[in-house]
Structure formats: C-alpha cells, structure tokens
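Let's take a friendly walk through a protein model. Have the sequence and the 3D view open, and follow along one piece at a time.

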Amino acid sequence: MAEVELDPVIHAQARLRVVATLASLGAHDRIAFPRLQKLLDMTAGNLSTHLRRLEEADYVLITKTHEGRTPATYVELTLAGRLAFQTYTQSLRALLGGAS
Amino acid sequence: MTTDEPRPDADAAPDLADALAIIAAQRARADDTRPVGALLFGVWGAAWLVGYGALWLTARDDGDASLLAVGVAITAGVVALVVTITHVLHRTRGIAGASAREGALYGLAWPVAFLAQSMIVGGLSQAGASGEVISLAANAIAALVVGLLYIAGGLLWRATSMYVLGAWMALTGAAAALTGFPDSYLVMAVAGGGGMLVGALVVTVRSRG
C-alpha cells in the first residue's frame with residue numbers, strides 16, 4: 001500500500017467544510033465572517049475555533065477591519081491553504097481510486 | 001439540548017467517500033455567492049420582449065410608437081435594472097477582494113457606455129439626422145453596448161453562454177438597423193428578447209443536466 005497521508009488539519013468534518021467553502025471562492029477573495037457562517041450553518045463560536053486552528057497552520061488569513069463604525073472580520077484562504085486543499089483532494093482521490 | 005451545541009463529531013475525520021461528498025456539497029453551497037446568469041438573462045429577455053414588443057405594436061401602423069408604449073418600454077427596462085442590481089448585491093454580499101473589485105469595475109462600465117451612447121445619439125440629432133436615423137442608431141448602438149459588455153462579462157467570468165449571447169445581441173442590433181423602422185422593433189423584441197429567453201432556458205437546462 002502506498003502511504004498517502006491526509007493533512008490532519010483539513011481532514012476533520014468541520015474544517016474540511018470551511019476549507020472547501022473558502023476554496024470555492026475566487027483566488028484573492030475574502031468573505032465576511034457572518035456570510036461564511038451562513039454558508040456553513042455553524043455557530044460563531046464553533047467557526048471561530050476551527051478558523052483559529054486553520055490560521056495557526058497558515059491556511060487562512062483573518063482580517064479585521066471597520067465598515068463605517070461596525071467592526072468586520074473577513075476570512076480568506078492563503079496560497080498555502082489553497083495548495084494544501086488541492087493536495088488533500090488529490091490524495092483523497094488517490095486513496096479512493098486505490099480502494100476500488 | 002439545542003442544535004447550537006458543537007457537534008461532537010465536528011473534529012472527527014470523515015470517511016473518505018464522505019469527505020468527497022462534503023467538498024461537493026460545500027462547492028454547491030458556495031454557488032450562492034454568485035449571481036444566477038439564467039435569472040438575469042430571463043429578466044432582460046422578458047424586458048426586451050415586452051418593451052420592444054409594445055413599441056412595435058403601436059408603431060407599425062403610423063410609424064410612431066405611442067407614449068404608452070414608450071412608458072411600457074422604459075418601465076420594463078427600469079424593472080429589469082432594479083432586479084439585476086438587487087440580485088447581484090444580495091448574492092455577493094459579504095464577499096470582498098479581487099472578484100468584488102472586478103465586478104464593481106464591470107458594473108461601472110454599463111453607465112459609462114450608455115452615457116457615451118446617449119452622447120453619440122445627441123450628436124447625430126444635432127447634426128440634423130432624421131428621427132428615423134436617430135432611432136435606428138440609438139437602438140443599434142445600445143445593442144452593441146449590451147453585446148460587447150456581455151462578451152466582456154463572458155470573458156471575465158469564463159461563461160461561454162454569456163459570450164455567445166453578447167455576440168447575438170450585437171448582431172441583433174445591427175440586423176435591426178438594416179431592417180429599418182419600425183420593424184427594427186420587432187427584430188429587437190423577437191431576436192433580442194427571445195434570444196435572451198432561449199439563452200436563459202439553455203443555461204438552466206444545462207446546469208441541471
């Protein structure tokens with residue numbers, strides 16, 4: 001059996017959903033935290049926890065800005081995150097292809 | 001117990017096949033952040049069909065469109081414009097960065113191009129062009145603007161359907177100019193409006209297939 005490792009940062013239910021969603025946006029696109037939360041149907045606390053883990057791995061970039069007077073948080077996939085997701089999906093396909 | 005509670009399995013590694021399904025599902029979900037092309041083609045197709053249709057129906061006898069028909073055409077255009085702007089803003093809310101910037105610049109190209117169109121038409125009028133020439137030129141240039149901007153949008157969003165529709169609209173306006181007044185209105189209504197409605201149908205069917 002070929003040893004194909006799945007990135008443990010991405011290979012977890014919730015974080016896979018987060019990364020897959022961010023990867024579906026255009027390169028260099030940012031998404032507002034509440035909109036991302038809606039696309040994922042996650043609670044704010046839950047999403048923050050997973051984003052922190054992804055941020056530690058340098059897979060996402062979190063930007064805090066102000067829109068008028070309201071603070072706004074934007075999330076985007078970094079180049080490293082995009083590459084890691086690509087590698088992850090390739091490995092996944094390789095593993096599934098090998099299994100069949 | 002509420003659904004707000006973090007799911008205990010949220011951190012668990014998914015089954016391999018499940019992982020692929022999760023990716024596909026979220027990709028589909030993220031489509032919510034993009035405008036629906038078929039809806040916009042349909043709205044504009046209907047507006048052209050109704051607007052130009054009304055102009056043709058009242059102009060075919062004496063050559064002059066009635067005030068009511070002009071009102072209908074303007075209303076159809078305004079409704080389609082409001083639907084477009086509302087839809088695009090709603091779908092892209094919360095998205096910033098490269099595509100938001102490209103989208104804003106693309107959106108701005110429309111009023112700029114139509115300002116240029118109205119200035120050209122004004123220039124023709126000043127130079128003494130007849131009402132018929134002004135009408136034909138105004139329609140053909142408007143269709144050319146729509147066509148070329150659709151072509152640009154098709155390139156920007158890699159949407160071949162939009163590109164093809166743009167080419168069709170530009171040629172429709174030109175064909176209407178050759179047809180002459182007032183049947184040019186019929187060409188705009190049927191080939192232009194109808195063409196966009198067919199485009200909306202094709203895009204819808206293909207996205208489901």
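## A helix and its buried side

A residue counts as buried here if 20 or more other C-beta atoms lie within 10 Å of its own. Keep in mind as you read that this is a predicted model. With that cut-off in hand, look at helix H3 of chain B, which covers residues 67-92. Which residues of H3(B) are buried? They are B:Ala69, B:Val72, B:Ala73, B:Ala76 and B:Ala80. Part of their cover comes from helix H2 (37-59) of chain B.

After H3(B) comes B:Gly94, a residue with a positive phi near 85°.

## Chain A at a glance

Now turn to chain A, which contains four helices and three strands. Reading from the N terminus, the order of these elements is α-β-α-α-β-β-α. The C-alpha atoms of the chain fill a box of roughly 55 × 25 × 20 Å along the principal axes.

Chain A has 100 residues, and 35% of them count as buried.

## A sheet built from two chains

Next, find the open sheet of four strands, with the order E2(A)-E3(A)-E1(A)-E1(B) and antiparallel pairing. Which strands form the edges? They are E2 of chain A and E1 of chain B, each of which pairs on one side only. From one strand to the next, the twist averages 35°.

Let's go through the pairs. Strand E2 (residues 60-67) of chain A pairs with E3(A) over eight bridges, in the antiparallel sense. A:Glu67 has A:Thr70 in E3(A) as its bridge partner. Together E2(A) and E3(A) make a hairpin with two residues between them, and A:Gly68 in the turn has a positive phi of about 70°. Helix H3 (residues 44-56) of chain A lies across E2 and E3 of chain A, at about 120° to E2(A).

On its other pairing, E3(A) joins E1(A) in the antiparallel sense over two bridges. E1(A) also pairs with strand E1 (residues 95-97) of chain B, antiparallel over three bridges.

## Where the chains meet

How many residues of chain A are in contact with chain B? There are 28, and they touch 27 residues of chain B. On the chain A side, helix H1 (13-24), strand E1 (29-32), helix H2 (33-40), strand E3 (70-77) and helix H4 (79-99) each supply at least two residues. The largest share, seven residues, comes from H1(A). By type, this side of chain A divides into 14 nonpolar, nine polar and five charged residues.

In soluble globular proteins, nonpolar side chains tend to be buried together. In this model, the largest nonpolar core has 41 residues, and those with the most contacts inside it are B:Trp44, B:Trp48, B:Tyr52 and B:Leu55. The elements giving two or more residues to this core are H2, H3, helix H5 (131-156), helix H6 (160-179) and helix H7 (183-208) of chain B. H2(B) gives the most, with twelve residues.

Leaving out residues up to four places away in sequence, B:Trp44 touches B:Ala80 and B:Met196. A second, separate core has 29 residues, including A:Leu25, A:Ile31, A:Leu36 and A:Phe85.

## An exposed alanine

To finish, find B:Ala104 in helix H4 (residues 98-126) of chain B. Is B:Ala104 buried or exposed? B:Ala104 has 10 other C-beta atoms within 10 Å, so it is exposed; the cut-off for exposed is 12 or fewer.

You can compare two kinds of distance here as well. B:Ala104 and B:Ser184 are 80 residues apart in sequence, and their C-alpha atoms are 33 Å apart in space.

Notes:
Residues numbered from 1 in each chain as written. Chains lettered and ligands numbered in written order. Expected span 1.5 Å × (residues − 1). Contact = placed C-beta atoms within 7 Å. Nonpolar A, V, L, I, M, F, W, Y, C, P; charged D, E, K, R; others polar. Pairing = 2+ DSSP bridges. Core = buried A, V, L, I, M, F, W, Y, C linked by C-beta atoms within 7 Å. Axes fitted to C-alpha atoms, helices over the stretch in contact; angles between N-to-C directions.
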